[in-house]
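Here are a few exercises to work through with the structure beside you. Try each task before reading its solution.

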Amino acid sequence: MDVSRREFLKYAGSSFAMTGLLGSTALTTISKSMAATGMQKIFHATHYGAFNAVVENGILKAVETIDKIDARPTVMLTKGVVERTYHRTRVKYPMVRKSWLENWDKPGQRKPELRNKEPFVRVDWDTALKLVTKEALDVIDKHGNEAIFNSSYGGWSHAGLMRPNVLQGRLFNLIGGTSMTVGDWSGGASQVSLPYIIGDMEVYSAQTAWEQLLDHTEVVVWVGCDPFKNNRIEYRVADHQMYPRWEKIRDKGVRFISINPQYTTTDEWVKIVPNTDVALFSAMAYHVYTNGMQDQAFLDTYTVGADKWLDYITGKEDGVQKTPAWASQFTAIPESKIKELAEIFATKRTQFAGAWSLQRAQHGEMTHWAIINFCALIGNIGKPGEGVGFSWHYGNGGMPQSGASLPVGLSQGKNFTPNICPASRITDMLENPGKEIYYNTNKTTYPKVIKMVYNCGNNLLSHQQDTNRLIKALQSADTFVVHEPWWTASTRWADIVLPTTTTLERNDISSGGTYSNDKIYALKKVVDPVGESLDDFEIFRRMAEMMGVDSQFTETKEYDELLEHAYNQASISKKVPYEEFWERGWVEMEVPEDAHKWVRHGAFRQDPIKNRLHTESGKIEMFCKTIARQNIADCPGIPKFLEAHEYLGNAKAGQVHVVSPHPYWRLHSQMANADSIRNEHYIKDREVCFLNKQDAEERGIKDGDLIEVYNDRGAVVVGAQVSEKIMKGVVSIYEGCWPSLDSKGRCNSGLVNFLTSTQPSSGLSHATSANTCLAYVKKCSDPEPKNKAYEAPEILPLTTLDIPDELVNAERGAERLGAFMANMEPGERMFYERCTVCHGPREPKNFTQNQWKGITQTMFDRAGLEDEERKLVLDFLMENAKDAP
């Protein structure tokens, strides 16, 4: 049912839609009033925060925020959650693309080139599930399991335990698995490189407790990141608790410096040419070292390879001294400013906060490494309120950690299909079946053929780079299946769309914050499913039932029993029983006093022998033998400034550098269809492009104009926001909007990935290089009138196919089950059942023994393993790690 704008505004402006406290007198009074009018409040939580849903006659009317949980609610929560629940882009029924349905029994004749160019046909659930199940099993029979590609990396679709990518992996792994992605998008380069350099992925690690910054820090440096923007959302449930803490740190007099091509909330903005941060940190290191400001004792005690790195810095290696003057020509930062920054950082108690965006670039592995080496040179790593961290901008990094075990959801189990594809290389994989690649020091090959792409909880067509190239590459697959609540980018190019519920339409459990892990939330069902949508668990359960593997998929438990079982794995369950937790809506776990004193890398600094890092040397590897031994041209054994193939240093006349940061008012593509929020931020219903005033004047562009940004890969029509808060030569377009192609093939909505490149970061990680991108800008003289991205496509009336069960032959799934579940040792079974919940299963051979020792420190806590269980799993990993004897 649609909710009119007038109704929404009526409730949004009423007192119960404003901030409140659980159990407060005011809410008690409101609740009585609501009860008299048939209204009720139901607790729920999302990526955007926890809240009370205000429901009238089964319809969500408003969101009531809760101060005690959420320190700074955003409009994504207060407006967006309601608006998108009943949005016109909801997928209400199972859908099949017209030509695919007409040729459902004729693989190879389904006209994939007509995706996004022809109508969808509504079908019933029985037809849809038979088509999907038959197609999957047919592909496996004819081409093997590797011919199905699981593109559902990430798991960002909702905050609950029952994430669609996990459930998809669980079902398909029961019948032998599929080809799938490895690594991810957010930190794909550093999650591969940094374990060799500093013994941990770092990008997903807890940060020093904020109290240590309050008490000790003099300077905080944001390198490419903006915690005031990106902390608005979380992977699980945002509580925004670092916002008031940052304000306390600010009010204490701490100085904030932002090194960024675009302005962020800060005291001082240092503009830098994108992709040149390594040059800056190398030059600052030169100035520190040649002026005797280094901490030699730290280098001698806690690092290896400093001499080789310093040979590069001083020019002994290549004849080029990395002076501030040298760096200035690349970075556009004046020589004097580079010297000033180096002296500030070397003499003041400085906390560096490095962005993930830095490593989403060509040679992205070099940037975080360069920051680490600089911090090692000045000797501030592991000191209270100092050092380096790469997740201050996300998950409210800095909040003290509870150390408590959390609810444990269903596992994906073991994937018996070995073929992998780095998350950013899907287009390359589709174009080059069977290609041998080198990933994370291992040789691997792409699948020999991909006939089916299965996508759940991931907006693939919005997320991947060089969208035009991806659209063409996907045509090599006969079938593209997508689970989605809305008509997003991926659904527009799909063959079969299965409509899924939002978390508001089912029960689930979540937790938060990302690093504090101090709360568990009951995601209570708020409203009935929209249309005929089903939750992902039920979709896969029905498929499992057809295949005869439902008891293994569900563990013979009902859905709500699985939630209770998951909660009972959390340490708080011993104090607060499940029934009490569910009635309350949320529970808070105590944070130990010591957690407020915790310092990242602090234990290593206190005792580098007892607390050695999980690197080959046990120390910080300023020169890394492991990486150097790979002999990868674009990823050497020390952090070097390597010029990108596209950046302002080699741009042609008229070109600008395009950066694509995370949006302020979306979570990637989520919330793009929240009309009132989009209308407030868009220009003429297009994504905004921030550009410098001088760049605009040179091109005859005024604020509010529609402009065209284009290169050889594609073109987008966007709205110009002319500003002094972005440096000349750089434009910024938020990633994540939904696409809509006009008659000229331009994205008339402004999806930046039509411009970005599939160039990998390096031959080590093959991660994304989205922030390495050049394009031209001009005023758009021929915009087409309507952006259709936020409208539903053409849909033809209901069609039912009478597909006999014997033709589907779904029992083939059960025949495959036994062969894949037998002979698993206890530690192996526990690893695959308990330790691989969120992202794709990490295979033991993906990491060395030392790396597993580092990864399992947090993995075991979150899995809730007892000491004996930890030993069983660790023994299994040591026996099967990449470097196991």
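Predicted model: local features only at pLDDT ≥ 70, side-chain atom pairs only at ≥ 80, totals over all residues.

**Exercise 1. Find out whether C225 is buried or exposed, and whether C225 is in a disulfide.**

Step 1: Look at accessibility. Buried means under 20% relative accessible area, exposed over 50%, and partly exposed in between, with a 1.4 Å probe and protein chains only. C225 has 2% relative accessibility, so C225 counts as buried.

Step 2: Recall the bond. A disulfide is a covalent bond between the sulfur atoms of two cysteines. Here the rule is a pair of cysteine sulfur atoms within 2.5 Å, and by this rule the count is zero disulfides. For C225, the nearest cysteine sulfur belongs to C375, 13 Å away.

Residues are numbered from 1 along each chain as its sequence is written, and side-chain values use heavy atoms, leaving out hydrogens and water.

**Exercise 2. Work out the strand order of the open sheet of five strands, and name its edge strands.**

Step 1: Know the terms. Strands (E, at least two residues) and helices (H or I, at least four) are DSSP runs numbered from the N terminus. Two strands pair if DSSP finds at least two bridges between them.

Step 2: Read the order, which is β10-β9-β8-β12-β13, with parallel pairing. At the edges are β10 (268-270) and β13 (387-389), each pairing on one side only.

Step 3: Zoom in on one pair. Strand β9 (residues 255-259) runs parallel to β10 and is joined to it by three bridges. Opposite W269 in β10 you will find S258.

**Exercise 3. Decide how many residues of helix α7 are buried.**

Step 1: Locate α7 at residues 190-198. Nine of the nine residues are buried, so the helix is largely enclosed by the rest of the structure. Among them are Q191, L194 and Y196.

**Exercise 4. Find which side chain makes a polar contact with the side chain of E735.**

Step 1: Go to the loop between β28 (730-733) and β29 (774-779), where E735 lies.

Step 2: Find the partner, the side chain of H668, at 2.7 Å. A polar contact is a pair of N or O atoms within 3.5 Å; within protein, one must be able to donate a hydrogen and the other to accept it, and residues adjacent in sequence count only if both atoms are side-chain atoms.
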